[in-house]
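Please look over the sequence and the model shown here. A short report on selected features comes after it.

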Amino acid sequence: MEEYEKTGVVTLDYLEKLGNVPSEERLKKGPVAMTECIQDIPCNPCAEVCPVKAIEMPEINHRPIVHFDKCIGCTLCMQVCPGLAIVMLDKSKEKPRLTIPYELLPMPERGDTVVLIDREGNDIGEGKVVALFFPDKKYQSALVTVEVDDDRLLYEARNLRVVN
Amino acid sequence: MTDLRIHRHPILKYVRGNPLKFYFEGEERTGYENETIGAALYATGLKEFSHSFKLDRPRGIFCAIGQCASCRMRVNGVPNVRTCITPLEEGMTVERQFGAGEKPTNTEVRKTFKKELEADIAIVGGGPAGLSAAIYAAKFGARVVLVDRFPKLGGQLIKQTHKFFGSRKHDAGVRGIDIAERLIKQVEENPNIMVLSEAEAFGYYEPATIAVAGKDTIYRINAKKIIMATGAAEKALLFENNDLPGVYGAGAAQTLMNTYGVKPGDEIIMVGAGNVGVIVTYQLLQAGVKVKMIVEAMPKIGAYFVHAAKVRRMGVPILTRHSILRAYGENQVEGATIVQLDDNWQPIPGTEKDVEVDGIAISVGLRPTYGLLDQAGVKIQFVPELGGHVALRNRNLETSVKNIYVAGDIAGIEEASTAIMEGRIAGLSAVIDMGLAGDDAKELRESVRAELTELRAGPFGARIRQGLEKVEVL
Ligand code: SF4
Ligand code: SF4
């Protein structure tokens, strides 16, 4: 039994071993998708929607494997992912950027400083909202892009909270 | 007065109709059109809906889908009304009921009519399987009567606010509520399909007749084929005070918040970390309910990791090898005592811990609702892999009683996406077997079958595959 099956939390180490973490070099070139979908579940829309076929999935019950060199960072996979298991990382701008899916109220606004939260629900830092994208106008469900000071947050922050 | 109605939600927009005044034990309360009596009472703070037969214990809403007896009340002088599925009306008088309740004072209110209906196919259950069966059968010209218990079609699918898994052609990435809306529209717009809502199928007669109790009419539907798509009920869990108001199925919590916009509580604990428990926890968080923790007796989380990860990063702990020992509280839940389990599932003394909550949601699995099949004499077998008692059948989903087919959770507990596909197969099989459709329907059925097989092929489908081997034997 894997540890994550007991806790519901995956470690960065584990993701690295799976090859799910894009390299520093790749991040410098622009946004790239990182999946945290690590089990063989019957799901494949991320691979189906990818315009450049960057997501490899031999069959529907296989976990997705992103070819970081092919990925153009378009976020389509993230928009469709039912597991909310894909984030975008980017180090090509002045400050590192992280995009995470968010389906809660209150929704942050551009310019807000939000609290960033790790995979276990702990507050671990802050980020500034630089972009918000609503894939489906019907719902308050957004891809939120934050700018951070600390690189580490790209790899550890997976949720956010609006502070008033 | 307490107001548990949700006013802002990231995914759902609640369409509340006009306010309706009603009287609960003489006291005026306000509900809304589109609410059931039960939802309106719950929203205004009522937890204790009835008292049990023998020991006079208080009971509250447990299933919220008309399958348990806990919410039965006296409405307009009539006892045993399932308030969780009965729409609220202006001026209603509602009283708590003790035991079996007193006889109706006014016998006029229950005047019933009789009606016979002729159909090619009668379908029982308007969830994803039943709707899909109706659509696919009607495609080939069958005249269908669809019988559904609820005021609104869609079964449990209308409560699924999350996006679906699978592949694009099975609507992966689309929210269950949107899939439901589309299926319902297709059914309602189809002139070949007649829908009987708020109607309970209660009897089968040879060769293919079913008896149905509608609002004020008893129907006798003479069909040529019957498709049973009655779905499932939540399993109960044995622990001290498990009948205390405030202990409810995870599905009930989902119904209250996602269908009626009513928070089941302020702070709750979830028992069971399978997909349902974890998904409903996420939905509770979206509705603004605090979920203090999820306890799971198994050594590992049953849900897909991606679902579990969602609630973990929102700060909900998942305690595996933990269970609930008792609920406590005066007439309603005030807390739960949890305990750690050893490898033989025995509570470890000294690890008991009290958690203050106002609700305990139980999500320990579903069991197929097979009552009508049993009455019809269909061969049934207990298959743990499929969740309980299920019908033996052939690959076309026809059971041991000719003319009766099954589809969806009644055929084995799975996902809504598989229920949709089984519904299609059953609908197609019915029209093929009646001679209404030929090779094109057969081809279509083959392709649906191939997709279904593909979905079930992974490690998470292993149990289902084992179960199917035991029942697809005719
Ligand atoms: S971000 Fe776009 S290009 Fe990259 S994997 Fe996702 S869909 Fe493909
Ligand atoms: S869409 Fe999301 S959940 Fe589905 S396989 Fe891709 S990453 Fe996993």
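## Basis

This is a predicted model. Every value below is computed from it.

## Ligand 1

Which residues stand around ligand 1? The shell is made by A:Cys50, A:Pro51, A:Val52, A:Ile55, A:Cys71, A:Ile72, A:Gly73, A:Cys74, A:Thr75, A:Cys77 and A:Met88. By class, 9 are nonpolar and 2 are polar. No charged residue belongs to the shell around ligand 1.

## Ligand 2

Ligand 2 is surrounded by residues from chains A and B, so its site is shared between chains. Chain A brings A:Cys37, A:Cys43, A:Pro45, A:Cys46, A:Met57, A:Pro64, A:Cys81, A:Pro82, A:Gly83 and A:Ile86. Chain B brings B:Phe165.

How does the shell around ligand 2 divide by class? It has 10 nonpolar residues and 1 polar residue. Charged residues are absent from the shell around ligand 2.

## Helix 6 of chain B

Helix 6 of chain B spans residues 305-312. Of its 8 residues, 8 are buried, so the helix is largely enclosed by the rest of the structure. The buried residues are B:Phe305, B:Val306, B:His307, B:Ala308, B:Ala309, B:Lys310, B:Val311 and B:Arg312.

What covers the buried residues of helix 6 of chain B? The cover includes helix 1 (3-7) of chain A. From chain B, it includes helix 5 (275-286), strand 20 (290-296) and strand 21 (318-320).

## Helix 4 of chain B

Helix 4 of chain B, residues 250-260, is mostly covered. Here 10 of the 11 residues are buried. They are B:Ala250, B:Gly251, B:Ala252, B:Ala253, B:Gln254, B:Thr255, B:Leu256, B:Met257, B:Asn258 and B:Tyr260.

These buried residues pack against several elements of chain B. Two helices take part: helix 1 (37-43) and helix 5. The strands are strand 17 (232-234), strand 18 (247-249), strand 19 (267-271) and strand 25 (359-362). After helix 4 of chain B comes B:Gly261. The phi of B:Gly261 is positive, near 65 degrees.

Side chains of opposite charge can pair when their charged atoms come close. How many salt bridges does a search of the whole structure find? Over all chains, there are 36.

A:Glu36 and A:Arg158 form a salt bridge through their side chains, at 2.7 Å from N to O. A:Glu36 sits in the loop between strand 1 (32-35) and helix 4 (45-49) of chain A, while A:Arg158 sits in strand 9 (residues 157-162) of chain A, so the pair ties together parts 122 residues apart in sequence. A:Glu36 is buried, at a relative accessible area of 9%. A:Arg158 is also buried, at 4%.

A:Glu156 and A:Arg119 also meet in a salt bridge, at 3.0 Å from N to O. A:Glu156 belongs to helix 6 (residues 152-156) of chain A and A:Arg119 to the loop between strand 6 (113-118) and strand 7 (123-133) of chain A, so this pair ties together parts 37 residues apart in sequence. A:Glu156 is partly exposed, with a relative accessible area of 24%. A:Arg119 counts as buried, at 8% relative accessibility.

A network of salt bridges links A:Glu24, A:Lys28, A:Lys91 and A:Asp151.

## A salt bridge in chain B

B:Arg5 and B:Glu35 meet through their side chains in a salt bridge of 2.7 Å, N to O. B:Arg5 lies in the segment before strand 1 (19-24) of chain B, and B:Glu35 in the loop between strand 2 (27-32) and helix 1 of chain B, so the pair ties together parts 30 residues apart in sequence. Both B:Arg5 and B:Glu35 are buried.

## Surface patch and a loop site

B:Phe202, B:Tyr205 and B:Ile218 make a nonpolar surface patch of about 280 Å². B:Tyr205 is part of strand 13 (residues 200-205) of chain B. Its relative accessible area is 44%, so B:Tyr205 is partly exposed.

Where is B:Ala100? It lies in the loop between strand 8 (97-98) and strand 9 (113-118) of chain B. With a relative accessible area of 40%, B:Ala100 is partly exposed. Leaving aside residues up to four places away in sequence, B:Ala100 touches B:Phe53, B:Pro79 and B:Asn80. The C-alpha atoms of B:Ala100 and B:Ala253 are separated by 26 Å, and the two residues are 153 residues apart along the chain.

Terms used:
Residues numbered from 1 in each chain as written. Chains lettered and ligands numbered in written order. Predicted model: local features only at pLDDT ≥ 70, side-chain atom pairs only at ≥ 80, totals over all residues. Heavy atoms only, no water. Patch = residues over 30% accessible without salt bridge, like charges linked within 9 Å, V, L, I, M, F, W, Y side chains within 5 Å. Areas by Shrake-Rupley, 256 points an atom, 1.4 Å probe, with all protein chains shown as cover. Salt bridge = Lys/Arg side-chain N within 4 Å of Asp/Glu carboxyl O. Helix = DSSP H or I, 4+ residues; strand = E, 2+ residues; numbered from the N terminus. Buried < 20%, exposed > 50% of the residue type's maximum accessible area, 1.4 Å probe, protein only. Near = heavy atom within 4 Å. Nonpolar A, V, L, I, M, F, W, Y, C, P; charged D, E, K, R; others polar. Contact = heavy atoms within 4.5 Å.
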